[in-house]
Amino acid sequence: MISVPEALDLLFALAKPLGHDIVPLRAANGRVLANDVTATRTQPPFAASAMDGYAVIKEEAVPDATFKVIGESAAGHGWRGDVRSGEAVRIFTGAPVPEGATRVILQEDVMRISNEITLTGDIGSGDNIRAAGGDFKAGDVIKAPRRIGPADVALMASMNIAEVPVMRRPDVALISTGDELVMPGETPGPDQIIASNTFGLYAMLQDLGAMPRLLPIAQDTPASLEMCFDLAKGADLVVTVGGASVGDHDIVGTVAASLGMEQSFYKVAMRPGKPLMAGRMADGALMLGLPGNPVSAMVCGTVFLAPMVRVMMGLPPAPAPRRRARLAADMPAGGPREHYLRAKVDGDEITPFNRQDSALLGVLAEANALLVQPPNSPALPAGTHVDYIPL
Ligand SMILES: Nc1nc2c(c(=O)[nH]1)N[C@H]1C(S)=C(S)[C@@H](COP(=O)(O)OP(=O)(O)OC[C@H]3O[C@@H](n4cnc5c(N)ncnc54)[C@H](O)[C@@H]3O)O[C@H]1N2
Ligand code: MOO
């Protein structure tokens, strides 16, 4: 059996960034920026007032000083003219600061009678002026690759970038396998359960920015599974769930091989998730065969599927990000497989759940972390720092 890092390296060798699209800015959120984009303008394009008040010469702004109001500068309608000694221009937030003025006094700190103002109160020390180009300058670059979030969308809008080059979203086909499964909302027979894994993975893929599609459940027959693989045609990645182990009805590996799947690996030294397989289908689509146990499927989704999809979306190959926390209690020694224990992080302390059976979705939903226990880990006392993957 290969190790988790070896399996990840093989997946990163299989997964290649897809092509890119140009989308309108409003469709860019959640996508990965494919090429650098450049600001076509400077922001603010002029020195702008940060407050509503009066623009004056900084050195003259002392308590009780008086000024003659000579004009008004509003946002969108600047005042053309110089501010000279003893003069003030009424100004509003976002308006251009007139030539000669070097400070804006808040209107709360001013008494105005007709066209004369007197500085009252504590005028503080801030200039209340935003320098031209203080946010960004024409030619400034947002570097690719980068997962675009709402703040990036706002920044690109401000840069007057109306169309954005983004990586294509991977089309990921999800196939549940097993005679025991029915779809949520259906009525299961006495020996049946509800297919949950593909739904959890669908949600995970949505969060990643991929385009998941749920195919019908494949029965435990080669014909049914072949039909599902056929429906998956056109996908960039086909993910099967279940039927990956050694039982008589675990047919995913043999059926995929009969359809020309070139296997990259089968079985990884991890818990849960051992019977993981990966390869490339005859049409070039990548194939990831996840174990059926619900928590195994979700853990493999976090540890393998998500990093793989990120690479396909043009992001650098990287394992699931880890953090460190202190064990809240002693932890017994681990086995030869890397163990991903469902755990709860509270502040800087982490506590694995007592029940670690890979069928327990209730425990997984309670967990906010996977505590990573390396292979052959010795018993560790409370307080030891350990790695975890945030969920
Ligand atoms: N003799 C051995 N038996 C098993 C081994 C082994 O090494 N030797 N490995 C165990 C491990 S580890 C795992 S993980 C499971 C994985 O087996 P499969 O991938 O073949 O999964 P299935 O047998 O099809 O299903 C396992 C379990 O999960 C349920 N399941 C499957 N798909 C779904 C789904 N989409 N939604 C919800 N639940 C699902 C299924 O009903 C079973 O209960 O094998 C062990 N056995
Ligand atoms: O390794 Mo399995 O994935 O225990 O449930």
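This is a predicted model: local features need pLDDT of at least 70, side-chain atom pairs count only at pLDDT 80 or more; totals for chains, interfaces and linings use all residues.
Let's start with the record. The unreviewed UniProt entry carries the annotation "domain: MoaB/Mog", and that annotation covers residues 173-311. Over those residues the chain is 34% helix and 24% strand. The end C-alpha atoms of the stretch are 17 Å apart.

Now ligand 1. How many residues surround ligand 1? There are 26. The closest are Gly 242, Ala 244, Ser 245, Pro 291 and Gly 292. Two elements give two or more residues to this shell: α3 and α6. By type, the shell around ligand 1 holds 10 nonpolar, 13 polar and three charged residues.

Next, ligand 2. The residues around ligand 2 are Arg 271, Pro 272, Gly 273, Lys 274, Pro 291, Asn 293, Ser 296 and Ser 358. They split into two nonpolar, four polar and two charged. Notice Pro 291.

Pro 272 sits in the loop between β21 (270-271) and β22 (277-280). Which kind of peptide bond, cis or trans, runs from Arg 271 to Pro 272? The bond is cis, with omega near -5°. Here is the background. Most residues other than glycine have a negative phi, and most peptide bonds are trans.

Helix α3 spans residues 197-208, which makes 12 residues. From its first C-alpha to its last, α3 reaches 16 Å, close to the 16 Å expected at 1.5 Å a residue. Which residues of α3 are buried? They are Asn 197, Thr 198, Leu 201, Leu 205 and Leu 208. Why do these five lie on the same side of α3? Because they cover an arc of only 85° around the axis.

What covers that buried side? The cover includes β15 (171-176), β18 (211-214), β19 (237-241) and α6 (294-312). The face of α3 turned away from the buried side carries Gln 206 and Asp 207, and both are exposed. Just after α3 comes Gly 209, with a positive phi of about 95°.

Lys 267 has phi near 85°, a positive value in a residue other than glycine. Where is Lys 267? Lys 267 lies in the loop between β20 (262-266) and β21. Lys 267 counts as partly exposed because 17 other C-beta atoms lie within 10 Å.

Asn 128 is another case. Its phi is near 60°, again positive in a residue other than glycine. Asn 128 is in the loop between β10 (116-119) and β11 (129-130). With 19 C-beta neighbours inside 10 Å, Asn 128 is partly exposed.

A cis peptide bond joins Ala 144 and Pro 145, with omega about -5°. Pro 145 sits in the loop between β12 (141-142) and β13.

Then comes Arg 146, in strand β13, residues 146-147. Arg 146 has 16 C-beta neighbours inside 10 Å, so Arg 146 counts as partly exposed. What does Arg 146 contact, leaving aside neighbours within four places in sequence? The contacts are Val 32, Leu 33 and Asp 152. Now look along the chain. Arg 146 and Pro 316 are 170 residues apart, yet their C-alpha atoms are separated by 9.7 Å.

Asp 52 gives another such pair. Asp 52 and Arg 90 are 38 residues apart along the chain, and their C-alpha atoms are separated by 8.2 Å. Asp 52 lies in the loop between β4 (48-49) and β5 (53-56). Beyond four places in sequence, Asp 52 is in contact with Phe 92, Thr 93 and Gln 107. Asp 52 is partly exposed, with 17 other C-beta atoms within 10 Å.

Last, Gly 134. Gly 134 is in the loop between β11 and β12, and with 14 other C-beta atoms within 10 Å Gly 134 is partly exposed. How far apart are the C-alpha atoms of Gly 134 and Ser 264? They are separated by 51 Å, across 130 residues of chain.

How values were computed
Residues are numbered from 1 along each chain as its sequence is written. Chains are lettered from A and ligands numbered from 1 in the order in which they are written. A residue is near a molecule or strand if its C-beta atom, placed from the backbone, lies within 6 Å of it. Ala, Val, Leu, Ile, Met, Phe, Trp, Tyr, Cys and Pro count as nonpolar, Asp, Glu, Lys and Arg as charged, and the others, Gly among them, as polar. Helices (H or I, at least four residues) and strands (E, at least two) are DSSP runs, numbered from the N terminus. The expected span of a helix is 1.5 Å times one less than its number of residues. A residue is buried if 20 or more other C-beta atoms lie within 10 Å of its own, exposed if 12 or fewer, and partly exposed in between; C-beta atoms are placed from the backbone. The arc is that of the directions from the helix axis to the C-beta atoms. Two residues are in contact if their C-beta atoms, placed from the backbone, lie within 7 Å. UniProt positions are given in the numbering used here, feature names are shortened, and annotations may be inferred rather than shown by experiment.
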